[in-house]
Amino acid sequence: MISKIDKNSVRKARHTRTRRYISGTQERPRLNVYRSLNNIYVQIIDDVAGNTIASASTLDAEVKAQLEGKTKKEAANLVGETVGRRALAKGVTKVVFDRGGYLYTGRVAEVAEGARKAGLEF
């Protein structure tokens, strides 16, 4: 019998491989993306200190109020803008983009585009 490939375990392995090279510092923290079936979560993390500097998701009250009638890609762009504004308020201007093992397309690319629109540099 042919066993079905677990796509999430493949993604996690890809993420583990890339995390060898991607790490967030205080000067340039890591912008991490996690996407579930219905929601998207973004964090800006300082790996040296182990702190989350800013975060946003489609479940935040500020974002959720603006999601009426929007597609998932538009919601991801909005989450990217929100986390970008929150990061700029905390003094973060440059980040390292960590796509979380996902391909850089669709909602993940929209998060990056929204963060760039807010003023973050990658």
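Which residue in β2 is the bridge partner of valine 33? That partner is valine 42. Before going further, note that this is a predicted model.

Strand β1, residues 30–35, and strand β2, residues 40–46, run antiparallel and share six bridges. Four residues make up the hairpin that joins β1 to β2. β1 also pairs with strand β4, residues 96–98, this time in the parallel sense over three bridges. In that pairing, asparagine 32 sits opposite aspartate 98 of β4.

Now the core. The largest nonpolar core contains 25 residues, and Leu31, Val33, Ile44, Val83, Val111 and Leu120 have the most contacts inside it. Two or more residues come from each of β1, β2, β3 (51–57), α3 (72–89) and α4 (107–118). α3 gives the largest share, six residues. As a general point, nonpolar side chains in soluble globular proteins tend to be buried together.

Take leucine 31 as an example. Beyond its sequence neighbours up to four places away, leucine 31 touches residues including Val42, Ile44, Val83, Val96, Phe97, Val111 and Leu120.

Last, a charged residue. Aspartate 46 is in strand β2. Aspartate 46 is buried but makes no salt bridge. Which side chain of opposite charge is nearest to aspartate 46? It is arginine 30, at 8.9 Å, and a salt bridge would need the charged atoms within 4 Å. What the aspartate 46 side chain does reach is the backbone nitrogen of valine 48, at 3.2 Å. Leaving out neighbours within four places in sequence, aspartate 46 has contacts that include Thr25, Gln26, Pro29 and Asn51.

Definitions and conventions. Residues numbered from 1 in each chain as written. Predicted model: local features only at pLDDT ≥ 70, side-chain atom pairs only at ≥ 80, totals over all residues. Heavy atoms only, no water. Pairing = 2+ DSSP bridges. Buried < 20%, exposed > 50% of the residue type's maximum accessible area, 1.4 Å probe, protein only. Lys, Arg positive; Asp, Glu negative; His and termini not counted. Polar contact = N/O pair within 3.5 Å; in protein donor to acceptor, adjacent residues only side chain to side chain. Contact = heavy atoms within 4.5 Å. Core = buried A, V, L, I, M, F, W, Y, C linked by side-chain atoms within 4.5 Å.
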